[in-house]
Amino acid sequence: MRVDTLSQLHTSADATNSGSPHATALIKTKGLVRTFKSRKGTVEAVRGVDLEVREGEIFGFLGPNGAGKTTTMRILTTLMPASGGTATVCGLDLRRDPAKVRRQIGYVSQVGGAEPMETGRENLLLQGRVYGMSAKEARQRATELVTRLDMDDFADRLVKTYSGGQKRRLDVALGIMHHPRLLFLDEPTTGLDPQSRARIWDEVRALHDQGMTIFLTTHYMDEADGLCNRLAIIDHGQIVSQGSPETLKQEIAGDIISLGLDMQSNAVEQATSLMRERPFVREIQPTADGVQLYVSQGETVLPEVMRTLDAQHIAIRSVMLARPTLDDVFLRRTGRSLRESNGNS
Amino acid sequence: MGKVLRDSWLMFKSQFNVSKRNPVWVFIGLFQPICYMLLFAPLLKSLVGVPGFPPGGAYNIFTPGLMVMMAIFGAGFAGFNIIGRLRSGFIERMRVTPVSRIAMIFGSLAVDGLLFMIQIALLLVVGLILGFRPRVGGMALLAVLLFITGMTMACFSYALALLVKDEGGLAASVNLLVLPLVLLSGIMLPLTLAPELLRNIAKFNPFTYAVDASRALVAGDFGADSVVKAFIIIGVLAILTIYWATRSIRQAAM
């Protein structure tokens, strides 16, 4: 297999809009099912998952531990067969052409898979060479990645001496060594300190900018929210919601504008009657010190709210804009809080 | 085919790096047979005249059997490396690459084979010092038989390791399965000394043939019945265990 050059990746990125509906679907699953038989009975880890990941996007799979994220990913990376349903990855049927699929994808598992008793560079060289790179190509690419991911200080030390963040950077380098079209990241920042997390996020964004399609699983809301173009929320083996983080949040919760008003006057009644007719206001709740407006697109409508009330000389003491979180989305769809489902996410 | 060779070489290099950074295992593997050679074999000298004891000096009877024992027990624990590779996620990572699955087995076999032959060589040297006098041609052919036996046991160990996925489980399984085979194969004491019942049971033990063949080869008896049988039986077992190990690694998950 010839190594794709970065310029080829750029071309494919230009040809598609990142995540637009007209982009090629690099992952398409229909009714994906996976059951495990154990002594205690049958466990349905994945129950009918329909997924579409478009070329050029960062797609997130968000859900609590045990939701079926890792199992789905292991099916899509050919590590495990599905019990039912169909899936195509990079246009290839997963069941029929797993070997061809493997050449197109990169995979970074939760544990990473670097050999602890070898150096980072030795790991990278092996990785490159099993994809068909010559020794020279592999060495050049390894050096390129070592510099790019700031691993110069430790690339030639044994992996078992690495910190969590260092190891994760190596893991990502291993995953992209052969310029895959599609990169799978399973819980890329779990267990890392904030600095290392930020670094990994930067690298993911950089890869995305270069046209790589990324499919990641996470149980961190900030990761799903901040990094992903589109998400699927999964719980108990089923997808409960799909869409961009913004769409999901707006659909479900709406923003809250909290206004502190002068309670001595009839400011509350005035404000309420003024806002009731506005199309963007879904609900108005009086509070102890003012009023709460449940609105769509809070950050856009807030100036208008302020201007409207100001024009009628209603004194506003304070204002606060609360954005909905993905936890609100999860809660609304499953009846449980994502944060509580994880313990402390 | 070229891919299998290339990938085997790549996997061999990786496993070699890992093993060379952990040489203590090689010496542990050597300790047991050296112990037997220095502490047990001398006791056999007094048995030489006993009726039922096969011809040849004590060391010529005992050393080849001991070499077979190293092939069984030493290689039997080769699976420990595999468990380490499984736990680190290395095997899973390799399974997502195009690397040849059988090359993953061959790479480990090459390292374990190399270490094993070094152990045999050291055992040979110690034996020669103590009085072991094998025929040169026979010893060479025995080395081949030992290599195949060792690789069979190693593959068996890999497959078992991928099944139990735990060092304690592997140690227990190997001991449980292998100890009766070793005792029944005539390594410790020649089976000519054993009662008929045990001798009959031993006929079903593939390693009995390896041990008999090893003694025959050391005496220079190339055409012995036991030699032919040993190569065939161990050869077939080698193919079966390589197949089993490859199949196991194809589906391996922690």
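## A strand tucked inside chain A

Strands (E, at least two residues) and helices (H or I, at least four) are DSSP runs, numbered from the N terminus. On β3(A), both faces are covered: one side has I58(A), G60(A) and L62(A), the other has F59(A) and F61(A), and all are buried.

What does β3(A) pair with? One partner is strand β8 (residues 213-218) of chain A, joined in the parallel sense over five bridges, and I58(A) sits opposite I214(A) there. Strand β9 (residues 230-235) of chain A also runs parallel to β3(A), with four bridges between them; L62(A) has I233(A) as its bridge partner in β9(A). Strands count as paired if DSSP finds at least two bridges between them.

## What you are looking at

This is a predicted model, in which local features need pLDDT of at least 70 and side-chain atom pairs count only at pLDDT 80 or more, while totals for chains, interfaces and linings use all residues. Residues are numbered from 1 along each chain as its sequence is written, and chains are lettered from A and ligands numbered from 1 in the order in which they are written.

## Elsewhere in chain A

Chain A is assigned two domains, domain 1 (6-249) and domain 2 (254-323), with bounds that come from an automatic or database domain assignment. Taken over C-alpha atoms, their centres are 44 Å apart.

Now look at G120(A), found in helix α4 (residues 120-130) of chain A. G120(A) is buried, with 29 other C-beta atoms within 10 Å. Leaving out residues up to four places away in sequence, G120(A) touches M151(A), F154(A), A155(A), V159(A) and L170(A); a contact means C-beta atoms, placed from the backbone, within 7 Å. R230(A) is 110 residues from G120(A) in sequence and 33 Å away in space, C-alpha to C-alpha.

Chain B has twelve helices and zero strands. Its C-alpha atoms fill a box of roughly 60 × 35 × 35 Å along the principal axes. For 254 residues, a compact globule would have a radius of gyration near 18 Å, and the 19 Å of chain B agrees; that radius is taken over C-alpha atoms, and the globule rule is 2.2 Å times the number of residues to the power 0.38. Buried residues make up 45% of the chain.

Helix α12 (residues 225-250) of chain B has 26 residues and should span 38 Å at 1.5 Å a residue, which agrees with its end C-alpha atoms being 38 Å apart. The expected span is 1.5 Å times one less than the number of residues. Its buried residues include V227(B), I234(B) and L237(B), and the buried residues of α12(B) pack against α6, α7 (101-130), α8 (136-164) and α11 (206-218) of chain B.

## Where the chains meet

How many residues does each chain bring to the contact? Chain B gives 18 and chain A gives 20. On the side of chain B, α1 (2-20) and α6 (90-95) are the elements that give two or more residues, and α1(B) has the largest share, five residues.

Note on methods: Two residues are in contact if their C-beta atoms, placed from the backbone, lie within 7 Å. A residue is buried if 20 or more other C-beta atoms lie within 10 Å of its own, exposed if 12 or fewer, and partly exposed in between; C-beta atoms are placed from the backbone.
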